[in-house]
Amino acid sequence: MTPEDQEETQPLLGPSGGSAPLSRRVFLAAFAAALGPLTFGFALGYSSPAIPSLRRAAGQALRLDDDAASWFGAIVTLGAAAGGVLGGWLVDRAGRKLSLLLCTVPFVVGFAVITAAQNVWMLLGGRLLTGVACGIASLVAPVYISEIAYPAVRGLLGSCVQLMVVTGILLAYLAGWVLEWRWLAVLGCVPAAFMLLLMCFMPETPRFLLTQHRRQEAMAAMQFLWGSEHIWEEPPVGAEHQGFRLVQLRLPSIYKPFIIGVSLMAFQQLSGINAVMFYAETIFEKAKFKDSSLASVIVGTIQVLFTAMAALIMDKAGRRLLLTLSGVIMVFSTSAFGAYFKLTQGGPSNSSHVQLLTPISMEPASASVGLAWLAVGSMCLFIAGGAQALWCLLACLRLLHLQCPFHSVLCP
């Protein structure tokens with residue numbers, strides 16, 4: 001365990017006698033907060049099944065052309081960028097709990113606007129609102145969960161955030177297999193509404209209450225979450241309010257982790273992982289798949305499995321090794337998928353003429369039928385590599401958390 005790991009696992013608040021907490025309500029509070037990342041993932045994955053459904057829309061006003069479909073998938077990232085900055089401002093002023101409650105509003109309103117959409121502009125407006133909520137939830141939920149968790153379960157609960165995001169993406173793919181875009185948007189309101197209901201009964205984080213000099217409320221929150229009657233030691237709270245000056249960027253201990261962290265984030269985003277999530281079903285349709293919905297579900301399932309696996313092996317295998325392995329896998333898989341497009345381009349026969357679930361024992365009817373699994377396999381490898389890279393990225397960004405107090409504003 002590195003010194004940074006040891007520092008991170010020190011109790012933020014804890015019983016002076018070192019006894020274990022008695023209550024398990026902390027898990028309920030963490031679940032309530034994790035519904036934010038779940039809805040976040042659902043919003044990210046929503047465009048994948050919704051775009052083909054909207055292309056088949058009966059009304060001309062709602063039918064998406066190529067440009068509108070591109071904006072429908074991508075505009076959520078513009079909202080998320082604004083939501084990340086807004087969340088960074090809210091989390092220290094309104095508090096963690098209220099910020100989570102507020103982020104449910106654009107989630108529900110955004111999906112409601114999509115459900116009631118009469119034209120493409122309403123669709124884009126709803127996606128933009130859900131993007132704002134995604135930006136807030138992606139910043140505030142991990143903060144809330146880490147501050148309510150006691151040390152023994154902080155790592156476990158913290159790992160649930162990214163797992164809930166990819167689970168939300170998978171749920172969108174699964175639901176999109178059987179639901180049209182309007183009902184899919186209605187379903188997107190459910191976890192956000194459930195989160196709003198549960199969070200109303202959850203306390204603010206003890207750490208935030210202590211920073212606001214509300215000791216009695218902090219003690220009540222700790223007893224609700226942890227259920228211990230011991231005397232609790234109050235940590236020094238002034239340290240987190242130390243100011244940051246730009247002149248500190250001259251220090252190697254500041255600018256080196258900052259450059260590394262920002263570069264990792266940039267390369268991870270430029271790898272195309274979000275494009276695959278937004279347009280998975282469209283990509284498989286362009287690859288001439290008859291079962292594009294099923295292929296998307298397979299890709300989403302692989303992402304959930306490998307995200308969980310990466311969380312389990314990251315500390316043992318090491319961040320650098322997994323990042324290197326992820327890069328190699330993603331390069332190989334995208335090359336294979338490009339080769340698939342090249343080999344099937346313009347051919348008289350393609351994978352759309354066969355079912356994806358053709359028994360393996362059957363002989364392929366043509367070369368392109370056999371290549372169908374090349375496309376699915378390469379995308380599964382790409383997602384598997386992306387999941388490992390994302391977990392290593394999150395781990396490496398702890399450097400920014402420890403050294404650069406302004407990272408949550410610059411890189412939400």
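Student: Which residues do ring pairs link into a cluster here?
Tutor: Phe42, Tyr46, Phe72 and Phe111. Keep in mind that this is a predicted model.

Student: How many aromatic pairs does the structure hold?
Tutor: Seven. One of them joins phenylalanine 42 and phenylalanine 111.

Student: What's the geometry of that pair, phenylalanine 42 and phenylalanine 111?
Tutor: Edge-to-face. The rings sit 6.0 Å centre to centre, with 70° between the planes.

Student: And where are the two in the chain?
Tutor: In distant parts. Phenylalanine 42 is in helix 2, and phenylalanine 111 is in helix 4, residues 96–115. They are 69 residues apart.

Student: Buried or exposed, phenylalanine 42 and phenylalanine 111?
Tutor: Both are buried.

Student: What about tyrosine 46 and phenylalanine 72, how is that pair arranged?
Tutor: That one is tilted. The centres are 6.1 Å apart, and the planes make an angle of 50°.

Student: Which parts does it tie together?
Tutor: Tyrosine 46 lies in helix 2 and phenylalanine 72 in helix 3, residues 66–93, so the pair ties together parts 26 residues apart in sequence.

Student: Why does tyrosine 46 count as buried?
Tutor: Because its relative accessibility is 0%, and buried means under 20%. Phenylalanine 72 is buried too, with a relative accessible area of 0%.

Student: Helix 2 keeps coming up. How many of its residues are buried?
Tutor: 26 of its 31, so helix 2 is mostly covered.

Student: Where does helix 2 bend?
Tutor: At proline 49, by about 35°.

Student: What span should helix 2 have, and what does the model give?
Tutor: Helix 2 runs over residues 25–55. At 1.5 Å a residue, its 31 residues should span 45 Å. Its end C-alpha atoms are 45 Å apart, which agrees.

Student: New topic: the surface. Which residues make the nonpolar patch?
Tutor: Leu171, Leu174, Trp177, Val178, Leu179, Trp183, Val186, Leu187 and Val190. The patch covers about 840 Å².

Student: Which elements give two or more residues to it?
Tutor: Helix 6, residues 151–176, and helix 7, residues 181–199.

Student: Which gives the most?
Tutor: Helix 7, with four residues.

Student: Take leucine 187. Where does it lie?
Tutor: In helix 7.

Student: And why does leucine 187 count as partly exposed?
Tutor: Because its relative accessibility is 33%. Partly exposed falls between the 20% limit for buried and the 50% limit for exposed.

Conventions: Residues are numbered from 1 along each chain as its sequence is written. This is a predicted model: local features need pLDDT of at least 70, side-chain atom pairs count only at pLDDT 80 or more; totals for chains, interfaces and linings use all residues. Side-chain values use heavy atoms; hydrogens and water are left out. The expected span of a helix is 1.5 Å times one less than its number of residues. The bend at a residue is the angle between axes fitted to the seven residues ending there and the seven starting there. Buried means under 20% relative accessible area, exposed over 50%, partly exposed in between (1.4 Å probe, protein chains only). Patches are made of residues with over 30% relative accessible area and no salt bridge: like charges are joined within 9 Å, nonpolar side chains (Val, Leu, Ile, Met, Phe, Trp, Tyr) within 5 Å. Accessible areas come from the Shrake-Rupley method with a 1.4 Å probe; for residues, only the protein chains shown count as cover. A salt bridge is a side-chain nitrogen of Lys or Arg within 4 Å of a carboxyl oxygen of Asp or Glu. Rings of Phe, Tyr and Trp (its six-membered ring) pair if their centres lie within 6.5 Å; planes under 30 degrees apart count as stacked, over 60 as edge-to-face and the rest as tilted.
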